[in-house]
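Biologist: I have not looked at this one before. Can you put it up and take me through it?

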Amino acid sequence: MTTPTWDPTQYLRHADHRARPFTDLLARVPDLPGDAPLIADLGCGPGNMTAVLAARWPTARITGYDNSAEMLDKAQVEYAGPTSGGGHLDFAHADVRTWAPAQPYDLIVSNATLQWVPGHVERFADWIAGLAPGGTFAFQVPGNFGSPSHRLMRELAGSMGLAETLRHDDAVLAPQTYLAALADLGCEVDAWETTYVHLLQGQDPVLDWVKGTGLRPVLTALADDPQAREEFLTTYRAALREAYPAGPHGTPFPFRRIFAVARKAG
């Protein structure tokens, strides 16, 4: 899988739709054990959702971690600093594949990031061990790798010799698999899935959506070949228009998400 170059502006073009799963995830996170909780946001991106954590826990000391310099620059400028309740929000470079807590956290959260981490379930033990008693690990990942948007992307990439640039349909696991893995670590677990139907506006909105996320590895791989990049986008655009036809009110875009909230024993 190609390590993508990220574009915060493109990613934020659908920020309202992308925010809802994180809001739904946080709604299931229980009270945290500390008065000034310590929170880690793994894969914080441009920081807009990390700021939501500060709104929920204004006394918290929150660090957003990411491995994209472009995303971290955006987050640092827009959101770093003291919070309204006396807490603090900052951002740091880290690779989620190897990150481990250096001190006990009250909450470790990850929003639409772990699908980029092969074998991420193997990291759960270290993260749960790094929670304070009564702390919580919570995450959500896209579960739409079998949907037309991603299936067509993989098929076209494969036809151009780019199959290995993309994640495949085993990039995430079923909710019951996550539940079992976290319960085996001694946690009380809430796991579920939801399919949102986003009503997107504008011309070729599904293509515009995936340009900010799932398509990044292909765009990165073809960055030095503008002709091949345009050929890919032209073919993919036509396929998406057929798979997701526009309706009278916009373009419906079904999007499955998988969630898990695991609370460590107090």
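Modeller: Tryptophan 6 is a place to start: its relative accessibility is 15%, so tryptophan 6 counts as buried. Buried means under 20% relative accessible area, exposed means over 50%, and partly exposed lies in between, with a 1.4 Å probe and protein chains only.

Biologist: What kind of model is this, and how are residues numbered?

Modeller: This is a predicted model, where local features need pLDDT of at least 70 and side-chain atom pairs count only at pLDDT 80 or more, while totals for chains, interfaces and linings use all residues. Residues are numbered from 1 along each chain as its sequence is written, and side-chain values use heavy atoms, leaving out hydrogens and water.

Biologist: Back to tryptophan 6. Why is its pair with tryptophan 116 edge-to-face?

Modeller: The ring centres of tryptophan 6 and tryptophan 116 are 5.3 Å apart and the planes stand at 85°, so the pair is edge-to-face. Rings of Phe, Tyr and Trp (its six-membered ring) pair if their centres lie within 6.5 Å; planes under 30 degrees apart are stacked, over 60 edge-to-face, and the rest tilted.

Biologist: Where do tryptophan 6 and tryptophan 116 sit in the chain?

Modeller: Tryptophan 6 is in the segment before α1 (8-11), and tryptophan 116 is in the loop between β5 (105-111) and α5 (124-129). They are 110 residues apart, so the pair links distant parts of the chain. Helices (H or I, at least four residues) and strands (E, at least two) are DSSP runs, numbered from the N terminus.

Biologist: Is tryptophan 116 buried or exposed?

Modeller: Tryptophan 116 counts as buried, because its relative accessibility is 14%.

Biologist: How many aromatic pairs are there?

Modeller: The count is 16 aromatic pairs. There is also one aromatic cluster formed by Phe124, Trp127, Phe137, Phe139 and Tyr178.

Biologist: Next, salt bridges. How many?

Modeller: Ten salt bridges, each defined as a side-chain nitrogen of Lys or Arg within 4 Å of a carboxyl oxygen of Asp or Glu. One of them joins aspartate 208 to arginine 13, with the closest N and O atoms 2.8 Å apart. Aspartate 208 is in helix α8 (residues 205-211) and arginine 13 in the loop between α1 and α2 (15-26), 195 residues apart.

Biologist: Are those two buried or exposed?

Modeller: Aspartate 208 is buried because its relative accessibility is 14%, whereas arginine 13, with a relative accessible area of 52%, is exposed.

Biologist: Which residues are linked in a network of salt bridges?

Modeller: Asp204, Arg237 and Arg241 are linked in such a network.

Biologist: Different topic. Where is isoleucine 62?

Modeller: Isoleucine 62 is in strand β2 (residues 61-66), and it is buried, with a relative accessible area of 1%. Threonine 50 is twelve residues from isoleucine 62 in sequence, and their C-alpha atoms are 7.9 Å apart.
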